[in-house]
Amino acid sequence: MTVSDAADRKPFREIKSANDKREMEKKVITMTKEMILESEKYFRIKLINSLAGIRQASLIGTKSKDGQENLAIFNSVIHLGANPPLFGFISRPDVVERDTLENIKESGTYTINLIDKKFVKEAHQTSARYPKNVSEFDAVGFTPEYVGTIFPPFVKEAEIKIQMKLEQILNIEINHTILVIGSIESVQIPENRLAEDGLVKPENLLLSGGLDAYYSSQFLEQMPYAKP
């Protein structure tokens, strides 16, 4: 079976009706892989994105060799290790222009910016497909900030700012996405967000639960290091 984005894909109501009466009485919906692949495009995208859970919303700042600034929101930034300190993020297939990816390849540097939840509208708007010669900073109202000789801009309004250096790009053959791996070169963080033991306090930072759903964090408890 091939995946298609045709308009006649099964909507959510047909997926529900495909479940037997006993399961529906328990308010449980079972979806097979085939049912998911046959579902309507945006239902499928939102389902799988939100099923992966709530993640940090990160604004990645880059600049082209010609000096064009770029800013884009990602919810796929992941911790890969602390020695050396590495983060990765997923870029979608480069079958169309991916300014963030191209700028990183050109310069070898980028910034990761974590922002307060009050900037949710501006952050979301950076996901729009602006022309290459349009700066998302200008388009949505964020302020580019340059620190020392660091090439790409930070977001001035960001609570936490991370300078990144490109280390490796891995092509994922199964779906043609791209894993970008970078090392942390420097971190700017307010003193009140950093605990003595190194814990970063994420309260009120913007979190993402998919393509268009956003949340804020709430601290529950810090547990001791687990031992048998």
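Q: How much space lies in the largest cavity of this model, and which residues line that cavity?

A: Rolling a probe the size of a water molecule over the atoms shows where empty space is left. In this structure, which is a predicted model, about 40 Å³ of space lies in the largest cavity, and the count comes to one cavity of 30 Å³ or more. Its lining is made of Ser-64, Gln-68, Glu-69, Asn-70, Asp-99, Asn-103 and Lys-132, with strand 3 and helix 5 each supplying at least two of the lining residues.

Q: Turning to the pockets, what is the volume of the largest pocket, and which residues lie nearest its centre?

A: The largest pocket has a volume of about 1,900 Å³. Its lining takes in 46 residues, and those nearest the centre are Asn-49, Arg-92, Pro-93, Arg-98 and Leu-211. Two or more lining residues come from each of helix 3 (33-38), helix 4 (41-51), strand 3 (69-74), strand 5 (85-91) and helix 5 (99-107), and helix 4 gives the largest share, six residues. When the lining of the largest pocket is sorted by class, 21 residues are nonpolar, 13 are polar and twelve are charged.

Q: What is the volume of the second largest pocket, and how is its lining divided by class?

A: The second largest pocket has a volume of about 300 Å³. Of the 15 residues that line it, Phe-87, Leu-114, Ile-162, Ile-184 and Val-200 are the closest to its centre. Strand 4 (78-82), strand 6 (109-114), strand 9 (160-172) and strand 10 (177-188) each contribute at least two residues to this lining, which divides into twelve nonpolar, three polar and no charged residues.

Q: Several strands have now been named; in what order do the seven strands of the open sheet stand?

A: Strands of a sheet pair through backbone hydrogen bonds, either parallel or antiparallel. Here the open sheet of seven strands has the order 3-2-6-9-10-5-4, and the pairing is antiparallel. Strand 3 and strand 4 stand at the edges with a single partner strand each, so one side of each is left without a neighbour in the sheet. From one strand to the next, the twist averages 35°.

Q: How many bridges join strand 2 to strand 3, and which elements of the sheet does helix 5 touch?

A: Strand 2 (residues 58-63) is joined to strand 3 by six bridges, and within this pair Lys-63 stands opposite Glu-69. Helix 5 packs on the sheet, where it touches strand 2, strand 3, strand 5, strand 6, strand 9 and strand 10, and its direction makes about 55° with that of strand 2.

Q: How many bridges join strand 9 to strand 10, and which residue stands opposite Leu-170?

A: Eleven bridges join strand 9 to strand 10, which run antiparallel, and Leu-170 stands opposite Leu-179 in strand 10. On the side of strand 6, six bridges make the antiparallel link to strand 9, with Thr-109 opposite Lys-165.

Q: Which strands form the open sheet of three?

A: The three strands stand in the order 1-11-12, and their pairing is antiparallel. Strand 1 (55-56) and strand 12 (214-216) are at the edges, each with a single partner strand, so one side of each is left without a neighbour in the sheet. Strand 11 (residues 206-208) is joined to strand 12 by three bridges, and Ser-208 stands opposite Tyr-214.

Q: Finally, which residue has a positive phi although it is not a glycine, and which residues does a cis peptide bond join?

A: Most residues other than glycine have a negative phi, and most peptide bonds are trans. His-176 has a positive phi of about 65° although it is not a glycine, and it is placed in the loop between strand 9 and strand 10, a hairpin with four residues between the strands. The cis peptide bond joins Asn-83 and Pro-84, with omega at about 5°, and Pro-84 is found in the loop between strand 4 and strand 5.

Conventions. Residues numbered from 1 in each chain as written. Predicted model: local features only at pLDDT ≥ 70, side-chain atom pairs only at ≥ 80, totals over all residues. Heavy atoms only, no water. Pairing = 2+ DSSP bridges. 1 Å grid on protein atoms, 1.4 Å probe; cavity = no way out; pocket = protein on both sides within 12 Å on 5 of 7 lines; lining within 4 Å. Points joined across faces, edges and corners; volume = space filled by probe spheres on them. Nonpolar A, V, L, I, M, F, W, Y, C, P; charged D, E, K, R; others polar. Axes fitted to C-alpha atoms, helices over the stretch in contact; angles between N-to-C directions. Contact = heavy atoms within 4.5 Å.
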